[in-house]
Amino acid sequence: MEVSAYLSGKMQRNGEQKLVVFEQSGVFIHLIVNPTDDDKLLSGKLSLFEEGSARKVGWSQITSLPADVDGDTQVLSGTSSAVVGCDIAVPPPIPTQEITSDQRQQSVSPNSSEPDWTVVNDSSKQKKIDESFDIEMDVLSSGSNEIPQSTYDFTISLDDIRYIKKSKKGLNWKYLLLELKDGAHLPTLHFHEGGSNKFLKAIEAYVLTTPSSKYARAIELTSHNNNALTQSFDELNLFGENGQQHSQRGKGFLNDPMSSAYSGLSKVTNYLQDWFNPAEDQLRRPKHERASIVPEDSTEAVGSSRIQIKREDGTAGGFEVITCADLGPRSEPSRSDPIDEEFWNNHKDEDGRILDEEGIKIAIFRGGIKPSLRKEVWKYLLNYYQWGHTAAEMKVHKQQKEDDYYRMKMQWKSITADQETRFSVIRDNKCLIDKDVTRTDRTRIFYEGQENVSLKLLNDVLMTYCMYNFDLGYVQGMSDLLSPILEVMGSEVDAFWCFVGYMNIVQHNFDINQQGMKQQLRELRILLQYLEPKLWDHFVEKESSNLYFCFRWLLIRFKREFSFEDIQTLWETSWTNLPCPNFHLLVCIALLDTEKSNLMREECGFTEILKHINEMSGKIDLEMTLRKAEGIYLQLSTCRKDLPVDIRHIIGI
């Protein structure tokens, strides 16, 4: 099958109504009609748009020439992003050119070490082999008989794109090369008027992006798997059992699965169980039919090698594979005993101020807090109390906070039933909170029984938080975060303000634009790819690289993975913000590393991985996990100078 036949099967011109989310003119297609002829560029417009439930990328040729262009030929000065033919698949009517390695060497600098889609420049007036040169490029007019109008117009589903390869730095205009899942390439897109970064940023709203371990200067796109995400919620029992399947929610989920899934956390109690059919396997086109002219040995994957991933400055989602690196040995630091009343009192002055805040946090990170002391210390860790306040100042502060709480509580309490009929936000929050409260930690003595006053306190604190944070309101999962705090505090006022402190840390998990969860999953993928490349390769092979099975870990900070006692230790450890702000991501890596041998079994696909992760709940050794997570941090920090920029940013060094 020739490339044109493939393109006609995969792409179509679309005249139906569509919602354009990105559009950029001045995007050219570079044509190599014949190695002996001048290179030609077709001027066009690139767009990213929604059409029904599909997200598509389209390019269409623009026939009108700029006013300052005379004739059909335009000489482009400056540093060009013209691409060597090895990257370009040219559909008929012009036959695809199979560029040999000898032909490539005529255009590529012999000193260049750039693989796969090396560029040639045009900064000088004379053509040179080892330097840049001027390129005369033909821009076809509408009257051209050589190439019919719209021959190269295309529309492709975003889900069909596997890699986006990027030009190197230093070019006056950038280019992108889109490689499809079956190995075929679309024509290279040259952004003469800019916009490549905005295009990459726009697609992040619809797909997961990670640095490619196969290509330098490329990102890999992973579609949001409707089935996998829904199956994750179902298997992990994130939002309750025996939910009713609602046709309208199913429609919304199909139209925008990722947005509906994340934003639905604040609106929907139960999720679809078996609505979606498994995605069809991607059939790989035979090698001889692929529109690729890059030798196989030049695109050998990094595979299990540890790679250095560096974000290119000023780019959106851009990464560059720099080199392989070996980390030093990983230690498992020892843990200490939890701090007790004697330790705590020794750090108070005669006026009640807490001394040596950093030293206390280090001690808490190393061993946690005695249960009898948590009620006092948590208030400091969660910024309800200020470390430097005297006892007298704290008394005034506490009274003010108590007044603030009851004032907000009365705001929703005073809403009449008649008012509520016209106040959908309060009505929806109240309904959702009532459902969640009745099933939160009911096996705990503190919450058991139908007429338990603790359930009412849990309900009231969550409703009052809706009045405190109007923008966020109530989101499913918050009751899990509040439950241990309320049990420790025993007071709704103290529990409320401590809960506010915790939500200030994790509230982006519940943002309706989903950026908090997306960002954490992305950073977790980067860490896993760097620290555990073999496990990462396995997840990629088993179509599990989205890491949806870690969703519950991140959303409610391991609340359902550890025992009730252990989760208190884990949380207070993380509230110290030591040894780094994203320590919870290293805890995720530690858990995956511990279970690596089980997760990497050949028969272990997405379903089996998800099932195994769920079965870990309540069986995890917290102390070992904390030692391993800290060991990972120390392992990385000892070679900080050699770490990729993204890794240093994630762990804060």
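Strands and their partners

Q: In this predicted model, which residues point one way from β10, and which the other way?
A: In a regular strand, side chains alternate between the two faces of the sheet. In β10, every residue of both sets is buried. One set is V207, T209 and P211, and the other is L208 and T210.

Q: How many residues of β10 are buried?
A: Strand β10 covers residues 207-211 and is mostly covered. A residue counts as buried when its relative accessible area is under 20%. The number of β10 residues that are buried is five of five.

Q: Which residue of β11 stands opposite V207?
A: β10 pairs with β11, residues 218-223, in the antiparallel sense over five bridges. Within β11, the residue opposite V207 is S223.

Q: Which residue in the turn between β10 and β11 has a positive phi?
A: The two strands form a hairpin, with six residues between them. The turn residue with a positive phi, about 50 degrees, is R217.

Q: Why is β7 described as largely enclosed by the rest of the structure?
A: Strand β7 spans residues 161-166. It is largely enclosed because the number of its six residues that are buried is five.

Q: Which residue of β8 is the bridge partner of I161?
A: β7 and β8, the latter being residues 174-180, run antiparallel and are joined by five bridges. The β8 partner of I161 is L180.

Q: Which residue of β11 is the bridge partner of K165?
A: β7 is also joined to β11, by three bridges, and these strands run antiparallel. In β11, the partner of K165 is A218.

How values were computed: Residues are numbered from 1 along each chain as its sequence is written. This is a predicted model: local features need pLDDT of at least 70, side-chain atom pairs count only at pLDDT 80 or more; totals for chains, interfaces and linings use all residues. Side-chain values use heavy atoms; hydrogens and water are left out. Buried means under 20% relative accessible area, exposed over 50%, partly exposed in between (1.4 Å probe, protein chains only). Helices (H or I, at least four residues) and strands (E, at least two) are DSSP runs, numbered from the N terminus. Two strands pair if DSSP finds at least two bridges between them.
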